Amino acid sequence: MGRPLIGTVYLLHFNAPFGHARHYTGWSADLSLRLAEHAAGRGARLTEVVAAAGITWTLARTWPNKTRSDERRIKNQGGAARRCPLCGTRPRIAQPDPIIALPQWIEVVENGVYSLAADCESCRKRRGIFEFDLAQAERRVCFACQDGVAA
Ligand SMILES: [Zn+2]
Ligand SMILES: [Zn+2]
């Protein structure tokens, strides 16, 4: 037996409940690819039916450097809402949706926190995923450029 494959456990928060389901916990060795699959309505039965129902989702949290058995352990703990920052007690401003996982997202790990970033096609600055209008699928332009703030 080789070493167990290392990947990322991730938590998707549905932007509207699907029946009783509000979350999907998964694992992937290639998170960007996996998110693109989910966004296209593939990859898992639950995310398939959620996409078919027109419900979008937000990548709420990731656990880097995990194996599939870590995923099982996290799932078996139940209560995904307790692990979900978007379901926390802090009031949240509206989250962007949907995450359209185009290939130009860059995986960044800062202070142990995994996130996605991209280079703005207009100002060329590297910005975090939440600085982009994710509903805009054709061009990756940051909010600052879109608003005409950054020259
Ligand atoms: Zn949540
Ligand atoms: Zn920009």
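This is a predicted model: local features need pLDDT of at least 70, side-chain atom pairs count only at pLDDT 80 or more; totals for chains, interfaces and linings use all residues.

Trainee: In what order do the strands of the open sheet come?

Mentor: The order is β2-β1-β3, and the pairing is antiparallel. β2 and β3 are the edge strands with a single partner strand each, so one side of each has no neighbour in the sheet. On average, neighbouring strands are turned by 20° against each other, direction ignored.

Trainee: How many bridges join β1 to β2?

Mentor: Seven. As for a particular residue, H13 has H23 in β2 as its bridge partner.

Trainee: And which strands does helix α2 touch?

Mentor: Helix α2, residues 45-52, packs on the sheet and touches β1, β2 and β3. Its direction makes about 135° with that of β2. Helix α3, residues 68-76, also lies across β1, β2 and β3, at about 160° to β2.

Trainee: Changing topic: which residues have the most contacts inside the largest nonpolar core?

Mentor: Y10, L11, L12 and L59, in a core of 15 residues. Two or more residues come from each of β1 (7-18), β2 (21-28), α1 (31-39) and β3 (57-66).

Trainee: Which element gives the largest share of this core?

Mentor: β1, with five residues.

Trainee: What is L12 in contact with, leaving aside its neighbours within four places in sequence?

Mentor: H23, Y24, H38, W57, L59 and A60.

Trainee: Which residues does the second, separate core include?

Mentor: W105, F132, C142 and C145 are among its seven residues.

Methods. Residues are numbered from 1 along each chain as its sequence is written. Chains are lettered from A and ligands numbered from 1 in the order in which they are written. A nonpolar core is a set of buried Ala, Val, Leu, Ile, Met, Phe, Trp, Tyr and Cys residues joined through C-beta atoms within 7 Å. A residue is buried if 20 or more other C-beta atoms lie within 10 Å of its own, exposed if 12 or fewer, and partly exposed in between; C-beta atoms are placed from the backbone. Helices (H or I, at least four residues) and strands (E, at least two) are DSSP runs, numbered from the N terminus. Two residues are in contact if their C-beta atoms, placed from the backbone, lie within 7 Å. Two strands pair if DSSP finds at least two bridges between them. Axes are lines fitted to C-alpha atoms, for helices over the stretch in contact, and angles run from 0 to 180 degrees between N-to-C directions.
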